[in-house]
Amino acid sequence: MRSLTFRRPDDWHVHFRDGAMMQTVTPYTARAFGRAIVMPNLSPPVTSAAMADAYRARIMACVPEGVSFTPLMTCYLTDHTDAADLVAGHKAGIFTAAKLYPAHATTNSAHGVTSVDHIMPVLEAMAENGIPLLTHGEVTRAEVDIFDREARFAEEVLAPLLARLPKLRVVMEHITTEEGAALVRANSARMGATITPQHLLYNRNALFQGGLRPHMYCLPILKRERHRLALRKAATGGETCFFLGTDTAPHMRHLKEADCGCAGVFSAPVAIAAYLQVFADENALPNFEAFASLNGPGFYGLAPNEARVTYVERPARIAQEIEVDGAGKLVSLFAGESAPWSEDAAS
Ligand code: NCD
Ligand code: ZN
Ligand code: ZN
């Protein structure tokens, strides 16, 4: 039985939601990770420092007793973002970064940015003040195939933006393509990328395995096998620009198993086990700590966590569903199956 001890990891892309859902999902992330970058796509979105500060307090109220966990807050950019509030919020330690959702690209992105040209003064202020830009990197034009939206964003939006603002630091969130990984690698002095467990484990066939699989549906959507292989190489190869970000994105079961099902994979309960499976299969366990615990803090200029945790290759049964008080049920990654690794009880 293999075992691995590493610094307590961080999750650089998390959706906690709010209310009863937040109460249910927050402990899974807080127990497994030291810190998390918290996505601001609530309804209404987190668009000001005051809203982010209040949201952080609501999250902290859901962290179990005795668990040490730090949420790192982000600002949801709109066409009307107040650059002064963002910069002041960053200086005050409330905002770690700002998030670009192209309007209508994904869940709760209706208030997102209609064109980066509309927010150039905000992006300039971010570049000047060292505030990282986190991107949901997909174009949204109806004529662009859903499987090509990330590669087109890299080429048409991100590459020109990087050229225009040489000081802007960017995280391409939840990369899903070879093209995304290549752009990040080519600009690794000031770019990073998060990679989800599902994009490392599955290709787009998983969406149709014996029938339609709503719990495999997320955005950006699962891609072809050649992209999965490129992502596995990026994640497990030890390059500092690639780091752990689950994009754990819970939606109620009845809202995923629906005529128009929500996008998002809820992975928090099994995230570390899922990533460990990938690294074990690639014979890359020695590089796991860099991906999970070092590269993310390195990008954000933070110290890595001091505590160590140990995981063992001992399968653990995963619940069929998880109840959210009065609101419905959640189906996590690996639901009803077993996760291949588990935390050593003694660690
Ligand atoms: C996310 C969500 O549900 O908030 N969904 C998803 O499929 N990834 C939004 C996002 O990260 O794009
Ligand atoms: Zn996204
Ligand atoms: Zn997300």
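Predicted model: local features only at pLDDT ≥ 70, side-chain atom pairs only at ≥ 80, totals over all residues.
As for the overall build, the secondary structure of the chain comes to 11 helices and 15 strands. The radius of gyration is 19 Å, close to the 20 Å that the globule rule gives for 347 residues, so the chain is as compact as a globular protein of that length. Its C-alpha atoms fill a box of roughly 55 × 45 × 40 Å along the principal axes, and buried residues make up 58% of the 347.

Turning now to the aromatic side chains, the count comes to 13 aromatic pairs. In one of them, the ring centres of Trp 12 and Phe 243 lie 6.5 Å apart with the planes at 75°, and the pair is therefore edge-to-face. This pair links distant parts of the chain, since Trp 12 sits in strand E2 and Phe 243 in strand E9, 231 residues apart. Trp 12 is buried, with a relative accessible area of 1%, and Phe 243, at 0%, counts as buried too.

A further pair is formed by Tyr 275 and Phe 291, whose ring centres are 5.4 Å apart and whose planes stand at 65°, so that this pair is edge-to-face. Here Tyr 275 belongs to helix H10 and Phe 291 to helix H11, 16 residues apart, and both residues are buried. Finally, Tyr 275 and Phe 291 belong to one aromatic cluster together with Phe 6, Phe 279, Phe 288 and Tyr 311.

Terms used. Residues numbered from 1 in each chain as written. Chains lettered and ligands numbered in written order. Heavy atoms only, no water. Helix = DSSP H or I, 4+ residues; strand = E, 2+ residues; numbered from the N terminus. Rg over C-alpha atoms; globule rule 2.2 N^0.38 Å. Buried < 20%, exposed > 50% of the residue type's maximum accessible area, 1.4 Å probe, protein only. Phe/Tyr/Trp six-rings, centres within 6.5 Å; stacked < 30°, edge-to-face > 60°.
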